[in-house]
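Subject: Handing over the structure

Hello,

Here is the structure I promised to pass on.

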Amino acid sequence: MKSLAELQALRDKMKNNMGIRSDDTGNIRVVVGMATCGIAAGARPVLQAFTEEVAKRNLQNITITQTGCIGICQYEPVVEVMEPGKEKVTYVKMTPEKAVKVVLEHLVNGNVVAEYTIGAAAK
Amino acid sequence: MYRAHVLVCGGTGCTSSGSARIIRAFEEELRETGLQDEVKVVKTGCFGLCALGPVVIVYPEGSFYSRVNPEDVKEIVDEHLLKGRIVKRLLYTETVQEDQIKSLSGTDFYKKQKRVALRNCGVINPEDINEYIAYDGYQALGKVLTEMTPDDVIDVIKRSGLRGRGGAGFPTGVKWSFAKASVDDQKYVCCNADEGDPGAFMDRSVLEGDPHAVIEAMAIAGYAIGANQGYIYVRAEYPIAVKRLEIAIGQAREMGLLGKDIFGTGFDFDIELRLGAGAFVCGEETALMTSIEGHRGEPRPRPPFPAVKGLFQKPSVLNNVETYANIPQIILKGPEWFASMGTEKSKGTKVFALGGKIHNTGLVEVPMGTTLREIIEEIGGGIPNGKKFKAAQTGGPSGGCIPASLIDTEIDYDNLIAIGSMMGSGGLIVMDEDNCMVDIAKFFLEFTVDESCGKCTPCRVGTKRLYEMLDKVTKGEATLEDLDKMEKLCYYIKDNALCGLGQTAPNPVLSTLRYFRDEYIAHVTEKRCPAGVCKKLINYSIIADKCKGCTLCARNCPVGAISGTVRMPHTIDTAKCVKCGACVEKCKFGAIVKK
């Protein structure tokens with residue numbers, strides 16, 4: 001390390017990995033249903049796809065976590081995106097491919113992927 | 001990217017209760033469930049709540065699991081990390097209220113704390129310099145080297161009001177300015193990590209949890225006074241701290257944060273470790289430097305002060321670990337930020353090691369001026385078993401006792417001196433009604449008798465004689481004149497001893513004589529130990545009316561001092577009795593009393 005600028009660049013890079021340890025609740029939370037029903041329907045690859053895609057795109061302020069069964073087992077794998085100050089979006093029957101699209105459209109560009117939501121599936 | 005971090009405490013407390021096995025169990029279990037690329041296991045420094053160890057925190061939820069066994073790990077992985085169901089039965093009970101899970105910072109133990117010196121302890125992996133850098137590590141050194149002159153640095157430290165955390169409370173900025181003013185071809189920066197007070201372990205926790213903070217601060221001090229070499233004097237009894245310091249120094253050198261031409265500014269600085277053999281006197285500054293030089297650790301008279309002639313007869317600065325841990329943040333956040341915490345003459349925060357008769361044994365950091373009541377009753381969770389608070393001992397063998405009547409004293413350097421104790425390094429031992437104050441004074445004096453280096457007579461002979469007088473008191477053989485003699489001897493030792501060890505050694509005796517003289521007098525005139533501790537002055541006896549003659553006590557007495565026939569009241573032969581108390585514990589009828 002030969003300059004302060006180099007140190008600052010390293011700090012900014014490392015900071016992304018540490019955000020998870022703060023109590024800051026300003027993050028967008030991506031919650032994957034990982035109860036027995038979710039796992040049986042393939043929630044694990046979906047969760048992995050979210051984690052990989054968020055890392056690949058170097059997105060900040062995103063927390064990926066899991067939850068239990070929310071009672072709509074026929075729609076598993078279920079993923080909910082919770083953004084502070086906005087209404088919760090529930091995606092259903094998710095796949096790794098759909099997950100990649102949700103990261104790009106919803107988390108990066110801020111557009112809800114309406115066709116994957118529970119509202120669309122219920123019709 | 002990891003979606004979850006599992007932080008396992010790797011401080012000395014949790015390590016001794018098996019946290020290394022827990023880390024291994026997590027790694028194995030995560031591999032088995034295929035989660036190893038999603039969940040990161042991090043070994044951190046001390047979280048502070050040592051009484052509840054081993055401690056595990058899982059982020060992003062921030063779930064605080066306490067007293068975790070290796071057998072519990074599978075459940076945490078299967079339930080929490082795989083399915084997202086927090087394992088409530090293992091959560092620290094304080095964080096679960098009416099089925100709502102509170103964040104750790106909302107618990108009584110943490111909410112009144114203000115973590116400055118401990119800010120990274122339990123948060124980062126101390127063996128990974130990148131994690132320190134992520135939390136602004138080495139930014140302060142960069143700022144100092146590129147934007148500030150040495151005089152600027154000293155001015156900032158002076159204005160912050162930071163005082164030495166090792167105990168005496170000398171203003172750090174002033175100390176640095178003396179060393180800067182000395183002209184010589186070579187100067188040194190030293191770190192006192194020879195933490196020796198019984199019951200104090202905050203320096204160890206800083207070194208174990210955030211070693212880079214100390215390294216960065218020493219480089220800043222080097223720049224301020226014009227030194228290019230630092231020494232950390234750390235006791236060999238702190239193997240984890242030593243290992244992490246070695247790793248940290250190695251990583252800092254590799255990254256060019258120690259060594260030649262740091263940040264391309266032409267400033268050179270390097271640090272070496274020196275291991276102490278654990279002599280208490282080596283925590284005294286002149287003895288410490290003598291020991292680094294390779295000689296027997298004995299103090300020498302001052303002046304000349306170390307700022308003029310210190311290590312290897314060169315101008316040197318010596319600061320305590322906790323003092324250094326504050327420096328980088330003072331540089332980054334400004335002296336005004338630091339001075340906004342604390343009292344008029346004592347700024348910032350102080351770390352206390354809570355021990356003794358208290359629920360939450362561990363490390364706490366609070367702003368100066370916090371009352372003893374807040375620390376003991378709110379943060380510490382009060383005294384166990386419904387007992388009453390009697391006194392708190394601060395400052396270790398150099399300090400004194402604070403009686404219950406002064407529990408609302410705001411703790412800072414000057415207030416503690418005024419009531420006959422001292423800050424010391426920050427050990428805080430809580431005592432309840434079952435503690436005998438004469439016995440406590442004797443305990444600390446026994447420590448100083450052992451640890452006196454023997455160079456000066458007042459300390460070597462004086463403390464020994466003082467100990468013998470205390471021993472007489474605890475045996476009920478002393479007279480009231482002896483108490484006066486003791487007091488006189490105390491002042492004689494204080495006035496004549498060569499170094500801080502001897503000058504403060506009588507403090508535990510003086511402060512207990514001041515606040516608990518009635519207890520001393522009870523030992524002398526009534527031959528009675530009010531707390532029932534001093535063995536020579538207590539007797540066990542059996543109340544005949546209550547004794548059913550079950551023979552349980554007789555069978556458990558290790559010396560065969562209890563006799564009697566079955567179903568008839570038993571008796572204790574006080575001449576044979578060794579006062580171990582085994583009979584009291586065994587008796588189901590409460591028939592045995594201690595007087």
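Which residues in H3(A) meet which residues in H4(A)? From H3(A) come A:Pro45, A:Val46, A:Ala49, A:Phe50, A:Glu53 and A:Val54. From H4(A) come A:Pro96, A:Ala99, A:Val100 and A:Val103. By class, that contact has nine nonpolar residues, one charged residue and no polar ones.

Bear in mind that this is a predicted model.

Now the geometry of that helix pair. A packed pair of helices is described by the angle between the axes and the distance between them. Helix H3 of chain A covers residues 43-56, and helix H4 of chain A covers residues 96-108. Their axes are 8 Å apart, at an angle of about 35°. The crossing of H3(A) past H4(A) is right-handed.

Chain B overall

Chain B has 24 helices and 20 strands. Its radius of gyration is 27 Å, close to the 25 Å that the globule rule gives for 595 residues, so chain B is as compact as a globular protein of that length. Along the principal axes, the C-alpha atoms of chain B fill a box of roughly 90 × 65 × 40 Å. Of the 595 residues in chain B, 54% are buried. Now take the contacts in chain B with a separation of 6 or more. Residues 24 or more positions apart account for 71% of them.

- Domain 1 of chain B runs over 4-106.
- Domain 2 of chain B runs over 129-339.
- Domain 3 of chain B runs over 349-432.
- Domain 4 of chain B runs over 437-525.
- Domain 5 of chain B runs over 539-594.

Taken over C-alpha atoms, the centres of domain 3 and domain 5 of chain B are 38 Å apart.

Where the chains meet

How many residues of chain B are in contact with chain A? The count is 30 residues of chain B, in contact with 25 residues of chain A. Three helices of chain B each supply at least two residues to that side: H3 (73-83), H5 (129-134) and H6 (139-147). The largest share, four residues, comes from H5(B). The side of chain B that touches chain A divides into 12 nonpolar, 11 polar and seven charged residues.

Two residues to look at

Start with B:Cys401. It lies in strand S15 of chain B, residues 400-403. Is B:Cys401 buried or exposed? There are 29 other C-beta atoms within 10 Å, and the cut-off for buried is 20 or more, so B:Cys401 is buried. Set aside its neighbours within four places in sequence. B:Cys401 is then in contact with B:Ala391, B:Ala392, B:Gln393, B:Ser421, B:Met437, B:Ser511, B:Thr512 and B:Tyr515. B:Glu254 is 147 residues from B:Cys401 along the chain, and 47 Å separate their C-alpha atoms.

Next, B:Lys464. Its place is in helix H18 of chain B, residues 457-474. B:Lys464 counts as partly exposed, because it has 13 C-beta neighbours inside 10 Å. B:Cys580 is 116 residues from B:Lys464 along the chain, with their C-alpha atoms 27 Å apart.

Backbone points to check

Most peptide bonds are trans, and most residues other than glycine have a negative phi.

Two cis peptide bonds:

- The bond from A:Glu76 to A:Pro77 is cis, with omega near -10°. A:Pro77 lies in the loop between strands S2 (62-67) and S3 (79-82) of chain A.
- The bond from B:Tyr59 to B:Pro60 is cis, with omega near 10°. B:Pro60 is in the loop between strands S3 (56-59) and S4 (63-65) of chain B.

Two positive phi values:

- B:Phe263 is not a glycine, and its phi is near 55°. B:Phe263 lies in the loop between strands S9 (259-262) and S10 (267-276) of chain B. With 21 other C-beta atoms within 10 Å, B:Phe263 is buried.
- B:Arg567 is not a glycine either, and has a positive phi of about 65°. B:Arg567 is in the loop between strands S18 (562-563) and S19 (571-572) of chain B. With 10 other C-beta atoms within 10 Å, B:Arg567 is exposed.

Over to you.

Best wishes

Conventions:
Residues numbered from 1 in each chain as written. Chains lettered and ligands numbered in written order. Predicted model: local features only at pLDDT ≥ 70, side-chain atom pairs only at ≥ 80, totals over all residues. Rg over C-alpha atoms; globule rule 2.2 N^0.38 Å. Buried ≥ 20, exposed ≤ 12 C-beta atoms within 10 Å, placed from the backbone. Contact = placed C-beta atoms within 7 Å. Nonpolar A, V, L, I, M, F, W, Y, C, P; charged D, E, K, R; others polar. Domains from an automatic or database assignment. Axes fitted to C-alpha atoms, helices over the stretch in contact; angles between N-to-C directions. Left-handed = near helix turned anticlockwise from the far one by under 90°.
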